[in-house]
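Have the structure open as you read.

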Amino acid sequence: MEDILRLKERLEIAIEIGESYYREFKSGYEGTPTNKTPRNISEIKYDIAKTLVAFANADGGELFVGVEDNHSITGIPHKQGMIDDIINSPKDCIMKDTPIPLKQASIINYEGKTVLYFSVNKGTDYVHLTSKGECFQRKDRESVPTASEKIIFDRHEKSSREYDRQFIDIEKITA
C-alpha cells in the first residue's frame, strides 16, 4: 500500500514538474485533441523500449505512459490483458543481449485512470539496443538515434579522464 501511495505522489510531482532529461511522458492515445483514439499496442511498446534504452544509455530516468505532453493524465485506454502486455515492453522490445537496468515497472491506478510507470538506472555494462537493433540516447528532452560506437567512445573517454585525475601518492610508488 505504501508503494502505491508513493507512486501516486511521484506521478503528481512529475505532472507538476513536467518532462526533463530524466523524465518522459507518453500518451496511450493518438489523434487530434478533439478526436483521440487508443494507440496501437505495438507502437506503445516500441516507444517504451526506445525511451528506456535512451535513458539507460544516458543517465537513467523515468517514464510515465498515460500522461500527455500538456501534463494531463488521460491513462491507458486498453483492457487489462493488453496493459499486462504493455508492461512487458522491457522484456519484449529490448534486445535480450543488452538488458536494461530496470528498477521498476508498475501500474498506477490514479483517479480511475491507469498509468504505467517505468524507472531505469544508468547502464554501464552494455550499450543498450531495442529489439530492432536500434540505439538511442537521451539528449535534453529527446530520445535520439545514436551510434553505439559514440556511446562506447564517450564512456571510455570519461573513465580515462577520471583515471587521469586520480591522486597517486608518490611515496607509495617509490617505497
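## A buried pair in one spot

Let's start with Arg39, which counts as buried at 12% relative accessibility (buried is under 20% relative accessible area, exposed over 50%, partly exposed in between, using a 1.4 Å probe and protein chains only). Its salt-bridge partner is Asp47, with the closest N and O atoms 2.6 Å apart; a salt bridge here is a side-chain nitrogen of Lys or Arg within 4 Å of a carboxyl oxygen of Asp or Glu. Asp47 counts as buried too, at 15%.

A word on where this comes from: the model is predicted, so local features need pLDDT of at least 70 and side-chain atom pairs count only at pLDDT 80 or more, while totals for chains, interfaces and linings use all residues. Residues are numbered from 1 along each chain as its sequence is written, and side-chain values use heavy atoms, leaving out hydrogens and water.

## Bridges across the chain

Which residue does Lys45 pair with in a salt bridge? That would be Asp92, at 2.7 Å from N to O. The two sit 47 residues apart, with Asp92 in helix α4 (residues 89-92) and Lys45 in helix α2 (residues 41-56). Helices (H or I, at least four residues) and strands (E, at least two) are DSSP runs, numbered from the N terminus. Lys45 is buried at 9%, whereas Asp92 is partly exposed at 38%.

Glu24 and Arg138 make another salt bridge, their closest N and O atoms 2.8 Å apart. This one ties strand β1 (residues 23-26) to strand β7 (residues 136-139), spanning 114 residues. Both ends are tucked away: Glu24 counts as buried at 8%, and Arg138 is buried at 2%.

There's also a salt-bridge network linking Arg10, Arg23 and Glu62. Over the whole structure, the search turns up ten salt bridges.

## The nonpolar cores

Now for the greasy side. The largest nonpolar core has 23 residues, and Ile48, Leu52, Val65, Leu116 and Phe118 have the most contacts inside it. A core here is a set of buried Ala, Val, Leu, Ile, Met, Phe, Trp, Tyr and Cys residues joined through side-chain atoms within 4.5 Å. Two or more residues each come from α2, β4 (61-65), α3 (80-87) and β6 (113-120), with α2 giving the most, at ten.

Click on Leu116 and you'll find contacts (heavy atoms within 4.5 Å) with residues including Leu63, Val65, Ile83 and Ile107, leaving aside residues up to four places away in sequence. A second, separate core has twelve residues, among them Leu7, Ile15, Ile73 and Tyr117.
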